[in-house]
Amino acid sequence: MNLLTVENISKSYGELVLFSDISFGVNKDQKIALIAKNGSGKTSILNIMSGKDVSETGQVNVRKGIKISFLEQEPNLDPNLTVEETIFTTDNEILKVIAAYEKAVENPDDTERYQKAFEAMERHHAWDFETQYKQILFKLQLTQLDAKVKTLSGGQRKRLALANALLNKPDLLILDEPTNHLDLEMIEWLEAYFAKENITLFMVTHDRYFLDRVCNEIIELDNNQLYTYKGNYTYYLNEKEARMEREAVEQHKSKLLYKKELDWIRRQPKARTTKSKSRIDDFNEIKKRAHQRRQEHEVQLELNMERLGSKILELHRISKSYGDKVILDKFDYNFTKGERMGIIGQNGTGKSTFLNIITQQEDVDGGKVVVGDTLKIGYYTQKGISVKEGQKVIDVIREYGDYIPLKKGKQISAQQLLERFLFDRKKQYDFVEKLSGGERKRLYLCTVLIQNPNFLILDEPTNDLDIVTLNVLENFLLDFPGCLIVVSHDRYFMDKIVDHLFVFKGNGVIEDFPGNYTDYRVYESSRIEEERENKAPSTEKQENNWRDTSGGKLSYLEQKEYKQLEKDIQKLEEKKESLQNKFADPELDGNAIDQLSIELKEVTDAIDAKTERWFELSAILEG
């Protein structure tokens with residue numbers, strides 16, 4: 001059944017034509033992603049489809065009686081309402097049903113009206129609405145229902161708008177970068193939600209794992225031509241490669257790019273999509289595999305950055321708190337040459353604070369940060385570029401430098417760097433204020449790279465970048481010979497770029513894991529699976545465990561405590577999982593949800609405390 005048809009729509013700004021005379025349709029149960037370069041008009045297409053903008057030509061035909069919800073990149077919410085009030089002031093059909101029922105209850109003599117209202121409540125499952133919206137808000141970490149919208153961060157406002165869109169239960173949900181501002185747990189929850197809910201989707205997203213796991217059709221807009229692929233992102237890569245091989249030789253460079261991408265996907269472990277049955281216990285093997293991915297990359301740019309000395313960046317027992325909230329607790333780490341570190345963790349666990357501390361933009365409460373003499377940091381923050389009126393693209397880059405030196409006396413000019421990041425010579429002389437949001441992020445990235453840092457820090461670099469640009473950035477970073485730290489919710493990007501992870505657990509707990517994101521998820525799944533299967537492991541199994549405590553430097557009482565901690569943590573993890581599963585019960589009322597939330601926090605805090613003590617004993621054991 002066709003829900004929406006786009007016929008010959010066009011959009012331009014003066015001489016700049018974004019797209020013209022493009023047509024496509026959306027049918028029930030399709031989950032479609034639109035892929036195109038930044039500046040191609042993806043957001044304009046979504047705005048026209050949702051009725052927020054009009055096309056210069058053609059029309060959009062919407063099936064009569066269907067409900068459409070649109071999640072914008074920058075939602076327009078009333079700043080004076082609370083989180084809960086925002087839910088209740090939307091144009092949600094269930095809220096109208098509830099209001100009609102409440103009015104019918106006030107007039108019990110009108111039995112016919114009451115019967116209709118009661119039947120409508122049954123039909124729309126409106127009795128459970130409070131439970132539904134509290135569950136979704138909880139999953140999106142919006143637990144302060146009385147918080148004013150004006151006090152929320154940009155990411156929290158985006159998540160509130162997403163909650164509204166999901167609660168509307170539309171026939172067609174249009175999404176503009178839905179995974180921006182979501183942490184990894186939320187993204188995986190949203191993937192599972194879309195897998196089970198019968199919702200038709202049309203989205204723009206740069207998250208390639210999300211595309212792989214959610215979408216069943218890809219529409220690509222390339223040079224004003226639409227190409228349709230009836231499958232997910234992996235299928236799209238295969239078919240795109242075949243199409244490009246059939247096209248002109250002039251497209252040879254792009255074909256190689258997609259071949260590399262496809263080769264990388266084919267090399268990934270099967271555990272990325274199938275549940276592992278055994279625990280990964282050889283960390284050296286994980287590390288070896290992570291390094292192998294990088295070694296297989298063919299270097300295109302031999303950057304000649306300033307040499308890093310023996311002392312790069314050292315963190316000595318640094319601590320940082322905001323009131324009762326602990327971010328870092330006597331944390332030690334020395335960075336070495338060639339570090340390629342990813343940082344993951346839930347929102348609010350201190351990832352950005354950590355970056356601000358190591359770049360000395362924020363002071364520590366205790367300890368010290370020691371910076372090497374030759375260290376030159378390039379820091380890409382979430383703030384983006386500040387636009388100066390009348391400034392052209394090339395002028396922005398030249399403010400920072402004219403070239404990046406390469407080995408053997410070669411160099412790459414500011415113009416060549418811009419071309420590499422998809423700003424052609426004509427585009428380089430456009431005014432910055434004319435650029436799209438994604439193009440500005442791309443330009444900001446170039447301003448960081450042109451300074452030729454030897455220690456590169458990227459805080460959410462993938463937000464608002466299109467997939468083509470992400471491929472270019474990934475290849476640049478694989479060529480980068482210095483130290484690299486990446487904070488990103490883009491799992492695909494992290495898998496391709498980093499060798500090991502800092503996992504921010506909250507309450508000052510940071511786990512150093514020697515592998516990329518997929519390695520970590522496989523390890524975590526395997527660990528939980530093994531713990532379930534071996535609730536009472538034998539002494540022999542414990543002796544073969546990588547957490548072996550036999551013959552170490554621990555005293556008898558410490559060894560006893562160490563083994564007890566493992567058992568306690570396992571029981572608490574099981575209790576935590578049980579509590580989280582209870583939130584799925586549609587019969588829960590608001591009070592029960594509040595009580596469960598309190599219990600869950602207490603269990604989580606206990607896990608964090610015992611895990612921290614376990615790490616202390618591990619350090620003694622391994623020392």
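Which residues line the largest cavity? Select Leu-34, Ile-35, Ala-36, Lys-42, Glu-177, Val-204, Thr-205, His-206, Leu-465, Asp-466 and Ile-467, and you have its lining.

Before going on, note that this is a predicted model, where local features need pLDDT of at least 70, side-chain atom pairs count only at pLDDT 80 or more, and totals for chains, interfaces and linings use all residues. Residues are numbered from 1 along each chain as its sequence is written, and side-chain values use heavy atoms, with hydrogens and water left out.

A cavity here is a set of points on a 1 Å grid over the protein atoms alone where a 1.4 Å probe fits but cannot get out; a pocket is an open set with protein on both sides within 12 Å along at least five of seven lines, and lining residues have an atom within 4 Å of a point.

Stay with the largest cavity: its volume is about 60 Å³ (the space filled by probe spheres set on the points, which are joined across faces, edges and corners).

Next, select His-206 again, together with Thr-179, Asn-180, His-181, Ile-187, Asp-207, Glu-460, Thr-462, Asn-463, Ser-488, His-489 and Asp-490: these line the second largest cavity. Its volume is about 50 Å³.

Now move to the second largest pocket, with a volume of about 1,000 Å³. Pick Gln-132, Lys-169, Tyr-193, Lys-196 and Glu-197, which lie nearest its centre among 36 lining residues. Then colour helices H3 (93-106), H5 (129-139), H6 (154-167) and H7 (184-196), each giving two or more residues to that lining (helices are DSSP runs of H or I, at least four residues, numbered from the N terminus). Finish on H5, whose five residues are the largest share.
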